[in-house]
Amino acid sequence: MRIHRLVAITLAFGLAAGAAARAQDSGSLAQYLAGFEKKTTVKVLPNGLTLVVCERPEAPVFSYYTLVDAGSADDPSGESGLAHMFEHMAFKGTDQIGTANFPAEKVALAKVEIAYAAYDAEYRKRVGQDPAKLAQLKKVFEDAQEAAGKYVISNQFSIIAEENGVVGMNAETEEDSTDFFWSMPSNRLELWAYLESARINHPVYREFYKERDVVQEERRMRTDSNPVGAMVEQFLATAYMAHHYRVPAVGWESEISQVSATEADAFHKKYYVPSNIVIAVVGDVKAADAIPMLTKYFGAIPAGPRPEPMATVEPPQFAEKTVIIREPSQPSYLEGYHRPDYRDPDDSVYDAISDILSNGRTARLYKSLVRDQKIAADAEGFTGFPGQKYPGLFAFFAIPVPGHTPEQMREAIHKETDKLKNTDVSDEELQMFKTRARAGLLRGLADNEGLAHALAEYQTRYGDWRELFRELDRVDKVSKADVRRVANKVFVASNLTSARIEFTPPAQPQTPDAGGAN
């Protein structure tokens with residue numbers, strides 16, 4: 001997680017400016033890090049799971065962040081959307097929660113899988129499919145689901161959590177990880193440990209196919225019925241030839257509709273192993289007391305081999321690619337350039353370019369396209385899209401105002417990137433980036449939720465949460481020459497993929513021929 005994402009965390013949690021001022025007054029960054037080292041404990045359990053506990057006793061609450069190092073980019077071929085399913089299944093309960101009779105439910109769920117496998121095998125036949133047999137198998141599958149559903153206690157997991165003071169209970173699936181988080185009174189720490197470890201260790205795929213339908217509806221709303229969502233999907237599928245970033249996080253419709261609970265279980269066994277999980281806990285907790293208790297719960301999860309690294313590497317792009325969507329919709333423009341992953345020495349330079357181009361109303365894109373030329377309603381540049389664990393994109397997005405076109409957005413954006421390539425940014429712009437990066441970091445650390453997220457992310461990505469602080473050293477070293485050098489290396493036509501929506505009037509319905517037959 002880079003600095004610009006920490007700034008986003010700051011905004012999301014609405015932190016007060018006073019918190020930053022207090023943090024700034026605490027002294028040098030080295031002193032600030034030393035203070036965190038005194039109250040932060042890292043424990044790698046024998047099964048491989050990593051715990052990060054940060055003591056912050058200002059209020060009797062804590063926040064946690066569980067980061068599973070597997071996201072939509074890890075979906076198996078032909079099973080896109082599978083990682084996202086766990087975001088939905090995480091709240092369905094365990095073998096102890098959400099069930100009226102688990103031994104009986106387990107038998108019923110096994111019958112659901114047998115029935116689904118038979119139905120799916122017939123459904124997939126391209127030759128010789130028997131419609132009558134298919135309908136009969138579908139009926140058996142639906143009856144099996146209904147029978148299993150009789151044992152479900154709906155929402156029991158969430159109800160237990162909420163009755164014990166949970167705030168902000170949520171989960172999210174990104175391209176690079178699947179994350180679970182909430183805040184809770186500190187006297188409920190052990191209850192949380194029980195709930196979180198149980199849903200990792202004992203997942204139950206109850207109502208799996210019902211939730212699969214929900215995910216399909218999500219896709220219809222966010223992509224199929226959303227012109228910008230459809231444009232982004234086509235854009236990524238064009239920008240990437242080989243890497244899994246080309247596959248939508250929500251999945252392709254045909255694959256979502258056929259993933260099974262059996263496949264989900266295989267995914268869980270491979271990726272939800274302790275060695276692939278980092279959990280950060282921040283708040284009114286004492287590591288000396290918390291670590292033994294957390295070890296009791298999370299240490300009981302069986303060990304497993306850490307998943308092998310992804311072998312697919314996106315080949316270099318050597319030709320400009322373009323996607324044009326013509327429909328009766330708001331015109332939009334999106335373009336992207338391939339860049340290395342977060343470990344690249346120039347990672348902070350990309351953050352600087354993003355900040356200078358897009359951070360607020362004084363940023364270059366807003367001033368040029370929105371304020372001065374008045375050709376865009378919005379214009380921004382951002383890095384690390386759609387992910388950062390693997391080489392991603394530096395992207396630009398703009399929405400033209402009425403009377404202007406996506407092509408004008410492209411030309412205006414390229415004028416700004418050409419300026420970066422040919423003229424040094426100002427001392428003031430560079431210093432403002434560094435100041436905002438520092439302020440964003442310190443503000444993010446002032447909030448338990450933001451800090452838990454950052455600790456889990458940095459411990460996962462670097463193997464050491466301290467890189468959260470060391471990143472500012474890399475920010476401070478960014479120079480005007482670096483910005484110019486990176487812009488010239490990356491913002492080139494052969495590395496460019498663009499997508500646009502061009503407004504096209506809807507087709508007029510044909511009127512019946514007045515001279516037709518009576």
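Modeller: A nonpolar core here is a set of buried Ala, Val, Leu, Ile, Met, Phe, Trp, Tyr and Cys residues joined through side-chain atoms within 4.5 Å. Buried means under 20% relative accessible area with a 1.4 Å probe, protein chains only.

Biologist: Which residues touch the most other members of the largest one?

Modeller: W182, W192, F208, L294 and F298 do, in a core of 65 residues. This is a predicted model, where local features need pLDDT of at least 70, side-chain atom pairs count only at pLDDT 80 or more, and totals for chains, interfaces and linings use all residues. Residues are numbered from 1 along each chain as its sequence is written, and side-chain values use heavy atoms, with hydrogens and water left out.

Biologist: Which helix gives the most to that core?

Modeller: Helix 13, residues 287-298, with seven residues. Helices (H or I, at least four residues) and strands (E, at least two) are DSSP runs, numbered from the N terminus.

Biologist: And what does L294 touch?

Modeller: Leaving out residues up to four places away in sequence, L294 touches L51, V53, W192, A193 and G299. Contact means heavy atoms within 4.5 Å.

Biologist: How many residues are in the second core?

Modeller: That separate core has 58 residues, including C54, Y333, M409 and L455.

Biologist: How do strand 1 and strand 2 run, parallel or antiparallel?

Modeller: They run antiparallel, and five bridges join strand 1 to strand 2, residues 50-55. V44 has T50 as its bridge partner, and T40 stands opposite C54. The two strands form a hairpin with five residues between them, and G48 in the turn has a positive phi of about 105°.

Biologist: Last one, helix 14. Mostly covered or exposed?

Modeller: Mostly covered, with eleven of its twelve residues buried. Just after helix 14, G360 takes a positive phi of about 90°.

Terms used. Buried < 20%, exposed > 50% of the residue type's maximum accessible area, 1.4 Å probe, protein only. Pairing = 2+ DSSP bridges.
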